[in-house]
Amino acid sequence: MQEPDRSNPFDRRTFLTRTAAGLSAAWLTSQWPAMVSAASHAHAAVANPAAAKFEFFKPEEAIEVEAIASRNIPSDATPGAKEAGVVYFIDRALVTFASDSQAAYREGLQEIQTILAEKFPGAKKFSSATPEQQDTVLEALSTSKPRMTSSRRNRPNSASQPFFETVRYHTIAGFLIDPDTDRRGNKDGVGWKVIGRENSHTFQAPFGDLDKNYPGWQPVASEKK
Amino acid sequence: MTADKVRYQTSDEVDFVIIGSGAAGGILAKELSTNGFRVVVLEQGPYLTENDFSHDEIKVLQEDLLTNHPKLQPNTFRKTPGEKAKPQRALVYGRAVGGTSNHFTANFWRFHEIDFVERTKVGAIPGSTLVDWPITYADLEPYYTKVEWEVGVSGLAGASPFDPPRSKPYPMPPLPTKSSGVLFERAARKLGLNPFPAPMAILSQPRPGRSACINCGFCLAFGCEVKAKSSSLASMIPVAEKTGRCEIRPNSYVHKIELDSRGRAVGAVYFDSRKNIHLQKAKAVIVSANGAETPRLLLLSASSQFPTGLANSSGYVGKNLMLNSGGISLGVFDEQLNDYKGFAVSRILHDFYELDPQKVGFYGGGGLDARFDMTPINFAAGGGLPPDTPRWGKKFKDTIAYNFTRTVEVFSHGTSLPKEDNSFSLDPDLKDAWGLPALRMTYKDHPDDIKLAKWLNEYGLQILDAAGAKQKWTYPIEEQQFAVHLLGTCRMGADPKTSVVNADHRTHDVKNLFLCDGSSFVTSGRGQPTMTIEALAFRAADRITALAKRGELSA
């Protein structure tokens, strides 16, 4: 069994247990152990920090992919794609759910080199170019901008897209995936921290600024009195 | 725990074989097995439990943990019957024990009285096959109450002045009010409207074996790890299995309903997980496979007795598909709303349930709700950002960082008018991984549906404005090409020429074949169909039980 996450006093299992203890005991049935296990099983998957090993990329490719991801979600005052380990997420993606994008990455990395060589003949590699040069290259790469429509917004299709769209989607996914998975993204939950999502799976009201002091629903008539 | 679960042989002639274990199938299984019948439920998807559920957006949304697989089950789409349909993912439905009820948003309002009698009330509508239901709201009322109490719905009776009459209050109070609900309520009241606590099929109080909602925030599209969401899996299937008379058989993909020479159903033919073919014998067959797969199964079961599809003498199998119209307006606020916490919806309004066609210039009605139903990746990858947001780089990062906790959606859901051309049928070319004809969807919204969606969407923007949104925008309303609500494709009616099942959900053509799910709908209501699917299932179970006890199924 795994150790509770010491760095996070509100890890999933602990917090769930605490919350449940505050509830009526009526539902504490034989199902209870299964529920706790359901909420904590995912956590086990990332118990030991992933060794920095790649399953698809050659090390030199990983450096380039990390550089691309870092321009998509840069590191500044707060962590970016680099700190979230997005390159490890993409690496695993390419041997799991996105295995049909392997060729797109190999070709895309070459395309980036080609664009770089055209625009900045002196630059050797994308990863060693200046941020301004990198952005110019990515701007040129991102010519296609498929529109997301409301009806399909829950299920973006990352296959059969231009390389830039694929790497963009993978960067976002690697930054914001539930860190309690074995996808190797959102390391230490830094992506969620950036967007303000607490790294927990159990919350209690009040949730936000407006419901904090909300007095509760009243019929319209009684308000008018 | 699994040792005492009943297992039948395929050669055992059970009382009922039910195809599908979702919102309708789960209830029918529970009701019929409780009533003493021997039941086999054939579910095409796996038997997942809470332990298998995950907050992994890739696993759930990209790898379809809970839903139909586009690679195994491709489908095609076209707008009108004259066109050649092209491969395109056009529908999503639950493919696991519990069906779509595992991953729904859980909005559970009842249909109103108008939904059953629209044709009588408004007359014929050009371009629509609109007719009345053969049952009324009053017929269904006791079963809505049954859903609320047995499946588990949170809400506040009497809070909406537009609510239809009810025989009992909700069994438990509404879920907590989210910040989106507070701002929606204030803004809507400013506009003279009547917002009220959303009825949700999510527990606000624990029940035996089930936790109250722990507000994890992974609700729409995800399965609930603590059984707070009132799926069939959490609420009905365990009761059915406990009777010792109901077997849930997962990974069983039914592709034919077998008939005898007298034209009576004798059972269901299915592929097991190794693609071996079996016939499960039964005295009667109930299809609850959803509004797409139910008509497909009938069409796949064509035979010399029923050359155009089983129970299709009307020609209406697969026709009159309705998806519900609607749209989304979004706003960004100064306050930190943290709406990612919790279930999706805490406030809705029904002031526009029955719009006056003379005033608005179209037929239809709908509801509006305040929600945030986006998980982090899908928010940032495009679902939740203002249209002028840079797609990458520092400004992109700054926008997701600021907006995620401050964004709200006003979601509108409304009528789809039935049209004969809108349908599910068998694609003449494309096959699924089992070699069977793939689903072909044909859909073009009725012009009034588009007008309604635009009207509601505009109102959504007004509410966001009145709520003080610092930025607001809306997705353009376009003709729908993606289906989630699958309604009307084997409609219920008294006339065998214009409907597929009667008011007992019995097919007009085959006496021991019943269909009960979204396909039974005659009209679309105003969105949020699952509550009504479940009420219909409870009612169908009563009707079918009565028929069986009178010996009418084996005659």
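In which sense, right-handed or left-handed, does α3(A) pass α4(A) in their crossing? The legends below take up this question first, and they all describe a predicted model.

**View 1. Helices α3 and α4 of chain A cross each other.** In this predicted model, the axes of helix α3 (residues 59–72) and helix α4 (residues 86–93) of chain A come within 9 Å and cross at roughly 120 degrees. Angles of 65 to 115 degrees would count as roughly perpendicular and those over 145 as roughly antiparallel, and α3(A) and α4(A) are therefore oblique to each other. The crossing in which α3(A) passes α4(A) is right-handed. On the side of α3(A), the contact is made by A:A62, A:V65, A:E66 and A:A69, while α4(A) contributes A:V86, A:V87, A:I90 and A:D91.

**View 2. Chain A contains helices and zero strands.** Chain A has nine helices, and, read from the N terminus, its elements run α-α-α-α-α-α-α-α-α. Of its 225 residues, 40% count as buried. When contacts in chain A with a separation of 6 or more are considered, 59% of them are accounted for by residues 24 or more positions apart.

**View 3. Helix α1 of chain B is mostly covered.** This helix, made of residues 23–34, has twelve residues and reaches 17 Å from its first C-alpha to its last, which is close to the 16 Å expected at 1.5 Å a residue. Just after α1(B), the residue B:G36 takes a positive phi of about 100 degrees.

**View 4. Six strands of chain B form an open sheet.** The strands follow the order β5-β11-β12-β13-β10-β16, and their pairing is antiparallel. At the edges stand β5 (196–197) and β16 (471–474) of chain B, each with a single partner strand, so one side of each is left without a neighbour in the sheet. Within the sheet, strand β11 (residues 345–349) and strand β12 (residues 366–371) of chain B pair in the antiparallel sense over four bridges, and the bridge partner of B:V345 in β12(B) is B:R371.

**View 5. Helices α5 and α12 of chain B lie across strands of chain B.** Helix α5 (residues 179–190) of chain B lies across β11, β12 and β13 (407–414), and runs at about 15 degrees to β11(B). Helix α12 (residues 447–466) of chain B lies across β10 (325–332), β12, β13 and β16, and runs at about 20 degrees to β10(B).

**View 6. Strands β7 and β8 of chain B form a hairpin.** Strand β7 (residues 253–259) and strand β8 (residues 265–271) of chain B pair in the antiparallel sense over six bridges, and B:K256 has B:V269 as its bridge partner in β8(B). Five residues lie between the two strands of this hairpin, in which B:G263 takes a positive phi near 80 degrees.

**View 7. B:K86 lies in strand β4 of chain B.** The strand consists of residues 86–87. Not counting residues up to four places away in sequence, B:K86 touches B:T76, B:F77 and B:R78. The C-alpha atom of B:K86 is separated by 32 Å from that of B:T507, which is 421 residues apart from B:K86 along the chain.

Technical notes: Residues numbered from 1 in each chain as written. Chains lettered and ligands numbered in written order. Predicted model: local features only at pLDDT ≥ 70, side-chain atom pairs only at ≥ 80, totals over all residues. Expected span 1.5 Å × (residues − 1). Buried ≥ 20, exposed ≤ 12 C-beta atoms within 10 Å, placed from the backbone. Pairing = 2+ DSSP bridges. Contact = placed C-beta atoms within 7 Å. Axes fitted to C-alpha atoms, helices over the stretch in contact; angles between N-to-C directions. Parallel < 35°, antiparallel > 145°, perpendicular 65-115°, else oblique. Left-handed = near helix turned anticlockwise from the far one by under 90°.
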